[in-house]
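Colleague: Before we discuss any detail, could you show me the sequence and the model together?

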Amino acid sequence: MGGEILPKLSLGVSSYERGDFDFNQIYVRADKALYQAKLSGRNKICMYGENNDSAEILI
C-alpha cells in the first residue's frame with residue numbers, strides 16, 4: 001500500500017487572436033495543442049502557433 005503517486009500533465013495553450021469571434025475558436029486551437037502534447041509523449045505543454053496552423057512544444 002503506501003505506493004508513490006506520480007501525476008502527469010499534458011496542457012494545450014492558445015490565446016486570443018485578431019479575428020476571433022467567439023470562445024470556440026480559441027478552444028479549438030487549445031484542443032489541437034493538447035492533442036499535440038499527448039502525441040509528443042505526454043507530460044508536455046504545447047502552445048498553438050499564432051501565424052501557422054500547428055502547435056509548438058514549450059516543455
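Colleague: Which residue in E2 stands opposite Gly12?

Modeller: This is a predicted model, in which local features need pLDDT of at least 70 and side-chain atom pairs count only at pLDDT 80 or more, while totals for chains, interfaces and linings use all residues. Residues are numbered from 1 along each chain as its sequence is written, and side-chain values use heavy atoms, with hydrogens and water left out. Three bridges join E1 to strand E2 (residues 45-48), and these two strands run parallel; strands are DSSP runs of at least two residues, helices (H or I) of at least four, numbered from the N terminus, and two strands pair if DSSP finds at least two bridges between them. Within E2, the residue opposite Gly12 is Cys46.

Colleague: Why is one side of E1 and of E3 left without a neighbour in the sheet?

Modeller: The three strands make an open sheet with mixed pairing, in the order E1-E2-E3. E1 and E3 each have a single partner strand, so one side of each lacks a neighbour in the sheet, because both stand at the edges.

Colleague: Which residues does Ala30 touch, leaving aside those up to four places away in sequence?

Modeller: Ala30 belongs to helix H1 (residues 23-39), and its relative accessible area of 18% makes it buried, where buried means under 20%, exposed over 50% and partly exposed in between, with a 1.4 Å probe and protein chains only. Although Ala30 and Gly12 are 18 residues apart in sequence, their C-alpha atoms are 4.9 Å apart in space. With contact taken as heavy atoms within 4.5 Å, the residues that Ala30 touches are Gly12, Val13 and Ser14.

Colleague: What is the angle between the planes of the aromatic pair formed by Phe23 and Tyr27?

Modeller: The structure holds one aromatic pair, a term for rings of Phe, Tyr and Trp (its six-membered ring) with centres within 6.5 Å, stacked when the planes are under 30 degrees apart, edge-to-face over 60 and tilted for the rest. Phe23 and Tyr27 lie four residues apart in helix H1, about one turn of the helix; Phe23 is exposed at 61%, whereas Tyr27 is partly exposed at 47%. The pair is tilted, with 6.1 Å from centre to centre and, between the planes, 40°.

Colleague: Which strand has the lowest mean pLDDT among the elements of the chain?

Modeller: The chain averages a pLDDT of 85, and 88% of the residues score at least 70, pLDDT being the predictor's confidence in each residue, from 0 to 100. Where pLDDT is low, the predicted coordinates should not be read in detail. Strand E1 (residues 11-13) has the highest mean, 92, and the lowest, 74, belongs to strand E3 (residues 55-57).
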